[in-house]
Amino acid sequence: NVTLGINQVNHLDSRGKVYITGNVRAPGPQDLPSNERTMVSTAIIRAGGFDKFANGHKVQVTRKDKSGKTVRFTVDVKSIIEKGRRDWDVELEDGDYINVPQNIINI
């Protein structure tokens, strides 16, 4: 006999996905829960945060606008997190690509 128990059931109603690449601890796709506004900083935190080589000041977001044109912009996620500058954060939309670049280190 086998007995199974369910402690928790997650019913995630998603309004789409975003894709995180680059210098985060857990890159990959993330669902956008329909019951919250998902910001760029939130997605980075859910991806395990920045790795040790990340340039958190120059996070790139790429999206297609309604006409199909590609739009790119930079978000200073490190300052958002460290200084609490939520007014600098950007709400994510279905299909957004987030890339965390590597810091350029000069020796």
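Which side chains meet in a salt bridge at 2.8 Å, N to O? I looked this up first. D31 and K17 do. I took a salt bridge to be a side-chain nitrogen of Lys or Arg within 4 Å of a carboxyl oxygen of Asp or Glu.

**Ground rules**

I am working from a predicted model, where local features need pLDDT of at least 70, side-chain atom pairs count only at pLDDT 80 or more, and totals for chains, interfaces and linings use all residues. Residues are numbered from 1 along each chain as its sequence is written, and side-chain values use heavy atoms, with hydrogens and water left out.

**The sheet**

I traced the strands next. Five of them make an open sheet with mixed pairing, in the order β2-β1-β5-β3-β4. Strands (E, at least two residues) and helices (H or I, at least four) are DSSP runs, numbered from the N terminus. Two strands pair if DSSP finds at least two bridges between them. At the edges I found β2 (28-33) and β4 (70-75), each pairing on one side only. Strands pair through backbone hydrogen bonds, either parallel or antiparallel.

I then checked β1 (residues 14-22) against β2. They pair in the antiparallel sense over five bridges. I20 stands opposite G28 in β2. Y19 also sits in β1. I listed the contacts of Y19 (heavy atoms within 4.5 Å). Beyond four places in sequence, Y19 touches G28, P29, G95, D96, Y97 and I98. Y19 is partly exposed, at 29% relative accessible area. My cut-offs were buried under 20%, exposed over 50% and partly exposed in between, with a 1.4 Å probe and protein chains only.

**Back to the salt bridges**

How many salt bridges does a search of the whole structure find? I count eight. The D31 and K17 pair joins strand β2 to strand β1, so it ties together parts that are 14 residues apart in sequence. D31 is partly exposed at 31%, and K17 is partly exposed at 32%.

E82 and K78 meet at 3.6 Å, N to O. Both lie in helix α2, four residues apart, about one turn of the helix. E82 is exposed at 55%, while K78 is partly exposed at 32%.

D87 and R85 also form a salt bridge, with the closest N and O atoms 2.6 Å apart. I noted a network too: salt bridges link R15, R37 and E91.

**The core**

Which residues touch the most other members of the largest nonpolar core? I found V40, I44 and I98, in a core of 18 residues. Such a core is a set of buried Ala, Val, Leu, Ile, Met, Phe, Trp, Tyr and Cys residues joined through side-chain atoms within 4.5 Å. Two or more residues come from each of β1, α1 (40-46), β3 (59-64), α2 (77-83) and β5 (97-100). α1 gives the most, with three residues.

Leaving out residues up to four places away in sequence, I44 touches I20, V24, G49, F50, V77, I98 and V100.

**A loop residue**

Is N23 buried or exposed? I found N23 in the loop between β1 and β2. N23 is buried, with a relative accessible area of 14%. Residues up to four places away aside, N23 touches F50, D51, F53, A54, V100, P101 and Q102.
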